[in-house]
Amino acid sequence: MIMKRLLWIVVFLTGLSAVKAQMLALKTDVLWDAAMMPNLNLELVTGNRTSGALSVMAAHRPWGCDMKLYGLQPEFRYWFSGHPMFREFIGIGLVAVNYDIKWGSEIYDGDALGGGLTFGYVFYLSPHWNLECYGSFGAVWYDQKHYYENDHYKENRRTGNGYALLPFKIGVSFSYIIR
């Protein structure tokens, strides 16, 4: 398992070294950080008006709540200004999340997948720093088990699945532009 992860890291870093003239930014969402959900986003400029990004996030017992959450959010962005990572943009994003949440005596354990549109604006702070504000809205499909804390009988477990229209990414990020 460890060797497989190391191989993926080597492949990823090798791919980054082949990208010489493209802008690359490393970001973190301060709202997620305040909610004790560490996150990291890597954005790569792919053209004069386009960029691609991948966000990863995780939470384990944020604020003492009995919760585990792991997720990925890939996104493709179109920049109206003609200069990526500057001013207004629209994007198409996806979200994939695995969660296990205890709310009172109820437990929700499941997965969610979805996609939607992202709108945002980037403020220039310096040659290497930007401030980004954004929001996403879309459809999210979920599949979960819902049961009570001391329930040891499988026939009492309820499963649920369905769709929900909701905002799935709202935030304020600081970006460090590497090149």
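Is asparagine 41 buried or exposed? In this predicted model, asparagine 41 has a relative accessibility of 7%, so it counts as buried, the cut-off for that label being under 20%. The residue belongs to strand β2, which covers residues 39-45.

The surroundings of asparagine 41 come next. Leaving aside residues up to four places away in sequence, asparagine 41 touches Ala25, Leu26 and Lys27, then Ala53, Leu54 and Ser55, and finally Lys169. With serine 55 there is also a polar contact, side chain to side chain, at 2.6 Å.

Aromatic pairs number 4 in the structure. Tyrosine 121 and phenylalanine 123 have ring centres 4.8 Å apart and planes at 55°, so this pair goes down as tilted; an edge-to-face label would take an angle over 60 degrees.

What about the cysteines? The count of disulfides in the structure is 0. Cysteine 65 shows 42% relative accessibility and is therefore classed as partly exposed. Cysteine 133 gets that partly exposed label as well, with a relative accessible area of 29%.

Zooming out, the protein is built from 2 helices and 8 strands. Read from the N terminus, the order of elements is α-β-α-β-β-β-β-β-β-β. Among contacts with a separation of 6 or more, 56% are between residues 24 or more positions apart. The protein has 179 residues, and 33% of them count as buried; asparagine 41, at 7% relative accessibility, is one of the buried residues. As for the surface, the protein exposes about 11,100 Å², with 67% of that area supplied by carbon and sulfur atoms.

Terms used
Residues numbered from 1 in each chain as written. Predicted model: local features only at pLDDT ≥ 70, side-chain atom pairs only at ≥ 80, totals over all residues. Heavy atoms only, no water. Helix = DSSP H or I, 4+ residues; strand = E, 2+ residues; numbered from the N terminus. Buried < 20%, exposed > 50% of the residue type's maximum accessible area, 1.4 Å probe, protein only. Polar contact = N/O pair within 3.5 Å; in protein donor to acceptor, adjacent residues only side chain to side chain. Contact = heavy atoms within 4.5 Å. Disulfide = S-S within 2.5 Å. Areas by Shrake-Rupley, 256 points an atom, 1.4 Å probe, with all protein chains shown as cover. Phe/Tyr/Trp six-rings, centres within 6.5 Å; stacked < 30°, edge-to-face > 60°.
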